[in-house]
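Good morning, and thank you for coming.

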Amino acid sequence: DQQVKQNSPSLSVQEGRISILNCDYTNSMFDYFLWYKKYPAEGPTFLISISSIKDKNEDGRFTVFLNKSAKHLSLHIVPSQPGDSAVYFCAANYGGSQGNLIFGKGTKLSVKP
Amino acid sequence: ETGVTQSPTHLIKTRGQQVTLRCSSQSGHNTVSWYQQALGQGPQFIFQYYREEENGRGNFPPRFSGLQFPNYSSELNVNALELDDSALYLCASSSPRGGLQETQYFGPGTRLLVL
């Protein structure tokens with residue numbers, strides 16, 4: 001039973017346009033959500049996070065939106081750059097989960113020049 | 001500031017053998033978590049160590065065990081290797097602050113192949 005779902009295995013976007021990556025979750029106890037980016041042969045790199053008390057968090061070109069009623073979050077990248085091409089993982093946990101980050105399966109983003 | 005490092009980068013073992021993977025946490029971090037990432041999947045939580053004690057465990061059998069040392073570095077040991085243990089093993093470090101949400105920072109991983 002997947003508690004964190006990324007239903008799009010891949011996404012292709014033109015350079016300069018917006019990339020929107022989506023993530024759904026089922027566990028209403030989750031109170032902290034993170035996005036990681038992963039290049040081949042490297043570990044995941046932390047991008048941005050959001051607490052369940054917020055509905056939006058911005059960091060430069062990256063914005064994460066959280067819709068608690070829909071149990072949905074999304075990562076917006078504007079403008080997209082070829083260097084953003086990577087696999088993006090959504091992850092979640094909750095207070096008392098003892099560090100157990102639960103990950104989705106990832107979405108491979110390709111940004112074409 | 002030194003990031004999370006892992007060794008070795010790659011490893012080939014045969015079924016039934018034992019393996020030890022190592023991780024050095026980011027400076028200032030006292031907590032280490034281990035994850036297994038199979039091909040095409042997201043990382044799966046194995047266990048976490050905080051101040052040298054196991055602080056949580058995922059759905060992995062007892063042949064997966066670990067240690068954390070006084071300098072907060074950590075080892076993951078896997079006994080009686082099986083073919084399905086072939087995966088990328090990731091270590092992440094963090095510094096929990098009294099129950100506040102924490103961000104985990106990952107190392108580059110160790111790629112284990114079991115033949």
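Where in chain B does B:G107 lie? The model on the screen is predicted, and I ask you to keep that in mind throughout. B:G107 is placed in the loop between β10 and β11 (110-114) of chain B. Its relative accessible area is 2%, so B:G107 counts as buried. Setting aside neighbours within four places in sequence, B:G107 is in contact with B:V4, B:Q6, B:L90 and B:C91, and also with A:G43 from the other chain. As for distance, 17 Å separates the C-alpha atoms of B:G107 and B:Y50, which are 57 residues apart along the chain.

The size of an interface is often given as the accessible area lost when the parts come together. For chain B and chain A, the buried area is about 1,600 Å², and carbon and sulfur atoms give 55% of it.

How many salt bridges does the rule find across the interface of chain B and chain A? The count there is zero. Polar contact does occur across the interface of chain B and chain A, with three residue pairs found, both residues of each being at pLDDT 80 or more.

Let me turn to the aromatic residues. Over all chains, a search of the whole structure finds 14 aromatic pairs. One of these is formed by B:F47 and B:Y49, whose arrangement is edge-to-face, with 5.4 Å centre to centre and 85° between the planes. Both B:F47 and B:Y49 are buried.

The last topic is the salt bridges. Over all chains, the count comes to six. In chain A, the side chains of A:R61 and A:D84 meet in one of them, at 2.8 Å from N to O. A:R61 lies in the loop between β6 (56-59) and β7 (62-67) of chain A, and A:D84 in the loop between β8 (72-77) and β9 (86-93) of chain A, so the pair ties together parts that are 23 residues apart in sequence.

Not counting residues up to four places away in sequence, A:D84 touches A:K37, A:R61, A:F62, A:I77, A:P79, A:L109 and A:V111.

The side chains of B:R63 and B:E82 meet in a salt bridge of 3.3 Å, N to O. B:R63 is found in the loop between β6 and β7 (64-68) of chain B and B:E82 in the loop between β8 (74-78) and β9 of chain B, so this pair ties together parts that are 19 residues apart in sequence. B:R63 has 16% relative accessibility and therefore counts as buried, while B:E82, at 41%, counts as partly exposed.

The side chain of B:R63 also meets that of B:D85 in a salt bridge, at 2.8 Å from N to O. Since B:D85 lies in the loop between β8 and β9 of chain B and B:R63 in the loop between β6 and β7 of chain B, the pair ties together parts that are 22 residues apart in sequence. B:D85 is buried, with a relative accessible area of 3%. Through shared partners, salt bridges join B:R63, B:E82 and B:D85 into one network.

Thank you for your attention.

Terms used. Residues numbered from 1 in each chain as written. Chains lettered and ligands numbered in written order. Predicted model: local features only at pLDDT ≥ 70, side-chain atom pairs only at ≥ 80, totals over all residues. Heavy atoms only, no water. Phe/Tyr/Trp six-rings, centres within 6.5 Å; stacked < 30°, edge-to-face > 60°. Buried < 20%, exposed > 50% of the residue type's maximum accessible area, 1.4 Å probe, protein only. Buried area = accessible area lost by both parts, 1.4 Å probe. Salt bridge = Lys/Arg side-chain N within 4 Å of Asp/Glu carboxyl O. Polar contact = N/O pair within 3.5 Å; in protein donor to acceptor, adjacent residues only side chain to side chain. Helix = DSSP H or I, 4+ residues; strand = E, 2+ residues; numbered from the N terminus. Contact = heavy atoms within 4.5 Å.
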